Amino acid sequence: MATLSSPVTIDVPKTGQGGGGVRPPAYGGGGDGRGDGSPDYGARLRRLRLGLAIGLTSVTMIFVSLTSAYVVRRGLPTLDERTNTYVRDWIPVDLPITLLLINTALLLVSSIAAELARRQITRQAALAPIRSIPGVSLGEGKGFPWLGVTVVLGCGFLVGQWMAWRELADRGFYLATSASSSFVYLLTATHAVHLIGGILVLLYAAAVSLLHTPVEARRVVVDVTAWYWHFMFLLWLYIFGLLWFVR
Amino acid sequence: MATSATIHAHAPQGFIRKYIFSLDHKVIGLQYYFLALVAVFVGMFLSLLMRIHMIWPTAVLPLVGEIKPETYLQLLTMHGTIMVFFVLTTAPQGGFGNYFLPIQIGAPDMAFPVLNMLSFWTTFVAFVVILAAFFVTGGAPLHGWTGYAPLSALTNSGPGEQLGADLWITSIAIFCIASLMGALNFITTTLDLRAKGMTMMRLPLTVWAWFVTAILGLLAFGVLLSAGILLLLDRNLGTSFYVPLVVVNGQIMGHKGGSPLLWQHLFWFFGHPEVYIAILPGMGVASQLLSTFSRKPIFGYKAMVYAIMAIGFLGFMVWGHHMFMSGMSPYTAFAFSLMTMAIGVPSAIKTFNWLGTIHGGRVRFQTPMLYAIGFVSLFVSGGLSGPFLAQPVLDIPLHDTAFVVGHFHLIMGVAAIFGMFAGTYYWFPKMFGRMMNETWGRVHFVITLVGTYCIFMPMHYLGMAGQPRRYSQFTELAYLQHLMPLNRFMTYAAIVTIAAQFIFVLNLFWSMFKGPKATDNPWEATTLEWTTATPPPHDNFGGYTPVVNHGPYEYSVPGAPRDYVMQTDPATVASH
């Protein structure tokens, strides 16, 4: 049994259950509530953006480590068992460059569409309080389906990458052909997996828009996904550059 | 994604939503804790088998029969992996961090409760997958917890290296994903959900430790995940990232040109920060408890914060000291050696500040405090052999001997476990509303402290005398015969120490239901978890958000009406 010294009472009301009731109600830092029961979308957006930035740090670390492995492996000589000498076995991969440039353009346009979708829904969210006033009409204001364009072009990019893989196989570069081709497949696949994650979130955003969730809530999802999408584009540029210039 | 607003409004009622797929960080924290408790008993059982085998190599044991050399390596691999990932990474951060970080900063929940639930259940899946490795054809892998290639990268390099090794690496990859989700949540929560007045320099040192640990996890686990994916590709799809031209049983394998050292670099870039992921939360708990039970402010709060940061930063600079034997350039080894010894500086700052905190205090020697002192003792004992191993000239004879085993078991194994025991005895009243039995707590402490020293201190002698690690049998080696009495003594100590852990488990579960009721603040501590009800309500503070006016360790403040000032007390209680 713990030895408890006698409690000292001072007339300070504690917070929590049974508190003196002099504390102000919840505000700010705690939850998303503004105290009046309505969710604070601003706080939610800030939190998700912060979470995204932190999450992208770990994605960056994944690609930093793959790049390190790429550079190290590229510089290593290999023992050739026939001549018993060390030789350089890094074979530059014959990338289907035209196809990859088209894919890059697709992803760029997709990223621009994501940005337009983000700005569009930000405007809609800003107008939402006015729209909710009875008798005020701002027109339908649905606007162009930029989100749909983003998803379609994103899927187009993935199909294009798949075609690039087929093209590589036709040229004789399979996953295990050489270390260089292993890295081409590995880096593009890892990027594709991350992009698929983004597409799933965008589809989720589209699904909730059908369920008549408040535009502010949808805006949070679209905003964060758009930033993620831009990052995926920049990441692809980086990977493409690495595979092309350091081949 | 649901954020805390939608979650904490109403406590869920159904059993499944309340206890299984709960979004409440407190329930998730307990889930992590009990997962680690199961894991630690599995890991401990494996170590017991190993210690018995060392002194009675031909004994036929229950469940496993006679231990063959390859069985010994399987036990060793699974013991290390389960302990490092599912105990040392899971309980201090996932368990206590999840439960107390939000409460200590005055938040109603984690920033992303759904993600929090997902990270626990992903960890759970990883645990199931690694346990499955015991039961597949060939059994568990035998490449050690460090999984060095090419042994780990070839499917025909030994029993257990088929499906067992695939399950092992898959489990670790899943665990990495879970840890990344957890780290993301911890960092966002600490940065964004602090109560009004809770500035970064008013955070309890526990929160600082969990925060920095999360940053380490965020940067380290991604690297291990990449390394693991490369290993899976090498094993199953014929790539050659890690495997050079290699002949196994007279057969030339299809691989060519890979580098086993590439795995070592990637693994240890994760592996060394992992050591700090295991120990930093223990340092946080020790700081918190030494101050509370000495009734004195922590000595040098800011120095403690900067020391935690410095340890975290330097932790990423020293991975090469695990690879002095790999044939690295002496210049590289020198740089790694220097950086490693530099970690001694912030570690010493922490140690002296802990001693300074106790010095002259009115120390209350209750069980949590005993464990905190035990932590410092083990940290010093285990830490002092660090600078030895940091020097290549000493590491070369000591590497791959029992010396290294003794070193890291004391500092990252037992010290971290003592941090968990300290946390358990300290926070048990808050978590379960009852007190643990003090007498049995002290008995448990004395046996565990003396027992672990008896197990791990002699390993230093063994190592210096040349007893190799990872060898399953020593009884036939003439030059080690005079060490057998010491080996037997260590095994007896291990049996007694392991038996004593049942005292802890009985105390834990008995007190949960039968222990005396705890008050809201039984230790007269100052941080926010002690301002709320016991156990805390679903939203932690019963509809209020606390306002913080004080630092976390204001004990024995002159002029204050009692010897501690809670963080939420009015600013005027002790303005000077």
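## A first look at chains A and B

The centres of domain 1 and domain 3 of chain B, taken over C-alpha atoms, lie 35 Å apart. The complex receives an ipTM of 0.90 and a pTM of 0.91. For chain B, the average pLDDT is 93, and 98% of the residues score at least 70.

### How the domains of chain B meet

The domain assignment divides chain B into domain 1 (24-238), domain 2 (259-514) and domain 3 (519-576). Where domains 1 and 3 of chain B touch, 15 residues of domain 1 are in contact with 15 residues of domain 3. Which helix gives the most to the domain 1 side? It is helix H5 (residues 90-104) of chain B, with 4 residues. Sorted by class, this side of domain 1 of chain B has 8 nonpolar, 3 polar and 4 charged residues.

### The overall build of chain B

Chain B holds 18 helices and 6 strands. Its radius of gyration is 24 Å, close to the 25 Å that the globule rule gives for 576 residues, so chain B is as compact as a globular protein of that length. Along its principal axes, the C-alpha trace of chain B spans about 80 × 50 × 50 Å.

One helix to look for is H7 (residues 163-192) of chain B. At 1.5 Å a residue, its 30 residues should span 44 Å, and the end C-alpha atoms are 43 Å apart, which agrees. Is H7(B) mostly covered or mostly open? Mostly covered: 24 of the 30 residues in H7(B) are buried.

Chain A has 5 helices and 2 strands. Followed along the sequence, the pattern of chain A reads α-β-β-α-α-α-α.

| Chain | Buried residues | Share of contacts |
|---|---|---|
| Chain A | 36% of 247 residues | 73% of contacts |
| Chain B | 57% of 576 residues | 80% of contacts |

### Where to take care

Which part of chain B has pLDDT under 50? Residues 1-8 of chain B do, and the model has 29 contacts beyond four places in sequence for them. Where pLDDT is low, the predicted coordinates should not be read in detail.

Technical notes:
Residues are numbered from 1 along each chain as its sequence is written. Chains are lettered from A and ligands numbered from 1 in the order in which they are written. This is a predicted model: local features need pLDDT of at least 70, side-chain atom pairs count only at pLDDT 80 or more; totals for chains, interfaces and linings use all residues. The radius of gyration is taken over C-alpha atoms; the globule rule is 2.2 Å times the number of residues to the power 0.38. A residue is buried if 20 or more other C-beta atoms lie within 10 Å of its own, exposed if 12 or fewer, and partly exposed in between; C-beta atoms are placed from the backbone. Two residues are in contact if their C-beta atoms, placed from the backbone, lie within 7 Å. Domain bounds come from an automatic or database domain assignment. Ala, Val, Leu, Ile, Met, Phe, Trp, Tyr, Cys and Pro count as nonpolar, Asp, Glu, Lys and Arg as charged, and the others, Gly among them, as polar. The expected span of a helix is 1.5 Å times one less than its number of residues. pLDDT is the predictor's confidence in each residue, from 0 to 100.
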